[in-house]
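Please read the numbered points alongside the view below.

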Amino acid sequence: MPIDHPPLEPLLGHIEGDGAIPPLEDWHPPLSGDMDLCIRADGRWWHEGEPIVRGRLVRLLSTILRREDDGAHYLLTPVEKWRIKVEDCAFLIVDADHHDGIWTLTTNVGDRLTLDSDHRLRLDRDIPSVPVRFGLSARLHRNVYYRLVEQADSHMVVDGGAPQQELGLESAGIWQPLGRFAEEGP
């Protein structure tokens, strides 16, 4: 028997309206079902086939989002847990600032994070992403990627095989990879 999809408003009644990140690590409700909500690869949020255009609502929903060990994404409250679909990464990096050897990134939902040892760029299918929080990650928006590439250096890395040239940059003294050079054919 299918479960009815809940409206968003009751779910939001369990969270603060200021967009602060609640203690999701302490919340372990049973699965309530699947919600017809999808975060598209372009960063837009869709509910029941319609785009969510209110930025504040997207921010609020993003604060109760977690990716679990099963790879699925869930909206959580202390008493509810709804599985949603995420096409790629939950967030996009839409801006980057550099100051005193440190890069600060901003997501499409307003999170700001410093590229450092806790938030390192990683190559996923040769595309850089960065962990944000609660198992969630963000892809670099194309404009941000090109901006970082303009500032990048290259160096040799050994990753389980032959040395390869890697493109990247340093932030907070930590190497942050942006990509690897393809080997030239014969």
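**Notes on the predicted model**

1. Threonine 107 touches Phe91, Leu92, Ile93, Val94, Leu113, Val132 and Ala138, when neighbours within four places in sequence are left aside; contact here means heavy atoms within 4.5 Å. Threonine 107 belongs to strand 8, where helices (H or I, at least four residues) and strands (E, at least two) are DSSP runs numbered from the N terminus. With 2% relative accessibility, threonine 107 is classed as buried; buried means under 20% relative accessible area, exposed over 50%, and partly exposed in between (1.4 Å probe, protein chains only). Between the C-alpha atoms of threonine 107 and aspartate 95, which stand 12 residues apart along the chain, the separation is 7.1 Å.

2. On the basis of the note: this is a predicted model, in which local features need pLDDT of at least 70 and side-chain atom pairs count only at pLDDT 80 or more, while totals for chains, interfaces and linings use all residues. Residues are numbered from 1 along each chain as its sequence is written, and side-chain values use heavy atoms, with hydrogens and water left out.

3. The largest nonpolar core comprises 40 residues, and those with the most contacts inside it are Leu37, Trp45, Leu65 and Phe91. Such a core is a set of buried Ala, Val, Leu, Ile, Met, Phe, Trp, Tyr and Cys residues joined through side-chain atoms within 4.5 Å. In soluble globular proteins, nonpolar side chains tend to be buried together. Apart from neighbours within four places in sequence, leucine 65 has contacts that include Leu24, Ile39, Trp45, Phe91 and Arg133.

4. How many salt bridges does a search of the whole structure find? The search returns 12, a salt bridge being a side-chain nitrogen of Lys or Arg within 4 Å of a carboxyl oxygen of Asp or Glu. One of them joins arginine 44 to aspartate 42, with the closest N and O atoms 2.8 Å apart. Arginine 44 is partly exposed at 43% relative accessible area, and aspartate 42 is partly exposed at 41%.

5. Arginine 133 and aspartate 111 meet through their side chains in a salt bridge of 2.8 Å, N to O. This pair links distant parts of the chain, 22 residues apart: arginine 133 lies in strand 11 (residues 127-133), and aspartate 111 in the loop between strand 8 (102-107) and strand 9 (112-114). Arginine 133 is buried, at 12% relative accessible area, and aspartate 111 is buried at 9%. Through shared partners, salt bridges join Arg59, Asp111 and Arg133 into one network.

6. Aspartate 88 and arginine 139 form a salt bridge whose closest N and O atoms are 2.9 Å apart. The two residues, 51 apart, link distant parts of the chain, with aspartate 88 in the loop between strand 6 (81-86) and strand 7 (91-99) and arginine 139 in strand 12 (residues 136-140). Aspartate 88 is partly exposed, at 27% relative accessible area, whereas arginine 139 is buried at 5%.

7. Asp88 and Arg139 are also among the residues that line the largest pocket, together with others including Ala41, Tyr145 and Tyr146. Its space is about 190 Å³. On a 1 Å grid over the protein atoms alone, a pocket is an open set of points where a 1.4 Å probe fits, with protein on both sides within 12 Å along at least five of seven lines, and lining residues have an atom within 4 Å of a point. The volume is the space filled by probe spheres set on the points. Helix 3 gives the largest share of the lining, three residues.
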